[in-house]
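Subject: Structure handover

Hello,

Here is the structure for you to look over. My notes on it follow below.

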Amino acid sequence: MNNVHDTSQSSCTTALTRRGIERRASLLQAANTLFLEKGFNAVSLDDIVQFCGGSKAAIYQYFGNKKGLLAALFEYRCEKFFKSNPPPQWQSGQSLHEIILLTAKSVYIAFTDTDNIAFMRLVVEESQRDPELAQLAYDSGPKRGLLIVANLLERAHAQGEIDCPHPYESATLFFGMLRHAQWRLLVGLSPLEDHLDADHYLKYLVERFLAGHRHSS
């Protein structure tokens, strides 16, 4: 079966020595801390170098400029997330309901993580000024997650588990259901209304989602 889309990420980073890899990671971590604390525009390259040591020459070498550093930070954070939260593997004996619910819980945790919300605010602010950054941010994170779920749904459709002839569109519906909590956090509210319990909420959403993909009798 052909995947809906290839979810692999290519890297155009020049081969680095071990020290170079560590130096680059240190700069990314420093940028992450300072950008979230002060905002992108309020942080200078001198601030980053002062925070973690080294020189501005290293930033120019690894990232080109401050914008390149922010773009690399998008990719760095997304790679870190996907390594810590690998795509769901459909195990023998595991129901589709179980795998979709586990996926929903993983996405919900990511959407409601305090650090991720702070970074999302940064992404939204800076992407308004630069459409190229907006596209990169989308491709590195949301689109990659979308394609993972679309491929899962495509497999389930091919195996007759569900009726899902348009897995990409269905994957967008899946993520749309979960963005309610993220939107509330972005504007400073709690993730869910007081009368909602997260576990019950997610179970209900998954049940309704799968109900919409049942084979008609």
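Among the contacts in the chain with a separation of 6 or more, 73% are between residues 24 or more positions apart; contact here means heavy atoms within 4.5 Å. This is a predicted model, so local features need pLDDT of at least 70 and side-chain atom pairs count only at pLDDT 80 or more, while totals for chains, interfaces and linings use all residues. Residues are numbered from 1 along each chain as its sequence is written, and side-chain values use heavy atoms, with hydrogens and water left out.

The chain overall

The secondary structure comes to 10 helices and zero strands (DSSP runs numbered from the N terminus, with H or I of at least four residues for helices and E of at least two for strands). The C-alpha atoms fill a box of roughly 65 × 45 × 30 Å along the principal axes. Of the 217 residues, 40% count as buried (under 20% relative accessible area, with exposed over 50% and partly exposed in between; 1.4 Å probe, protein chains only). The chain exposes about 12,600 Å², and carbon and sulfur atoms supply 51% of that area (Shrake-Rupley method with a 1.4 Å probe; for residues, only the protein chains shown count as cover).

Helix 9

Helix 9 covers residues 167-186, and its 20 residues reach 28 Å from first C-alpha to last, close to the 28 Å expected at 1.5 Å a residue (the expected span is 1.5 Å times one less than the number of residues). Helix 9 also bends by about 40 degrees at Leu178 (the angle between axes fitted to the seven residues ending there and the seven starting there). Leu178 is one of the buried residues of helix 9, which also include Phe174, Phe175 and Met177. The buried residues of this helix pack against helix 5 (96-112), helix 6 (114-127), helix 8 (142-158) and helix 10 (198-211). Helix 9 is followed by Gly188, which has a positive phi, near 95 degrees.

Two single residues

Arg77 is in helix 4 (residues 66-84). Arg77 counts as buried because its relative accessibility is 13%. Apart from neighbours within four places in sequence, Arg77 is in contact with Asn32, Leu36, Asp115, Asn116 and Phe119.

Asp46 lies in helix 2 (residues 45-52). With a relative accessible area of 46%, Asp46 is partly exposed. Its C-alpha atom is separated by 6.9 Å from that of Lys56, 10 residues apart along the chain.

Regards
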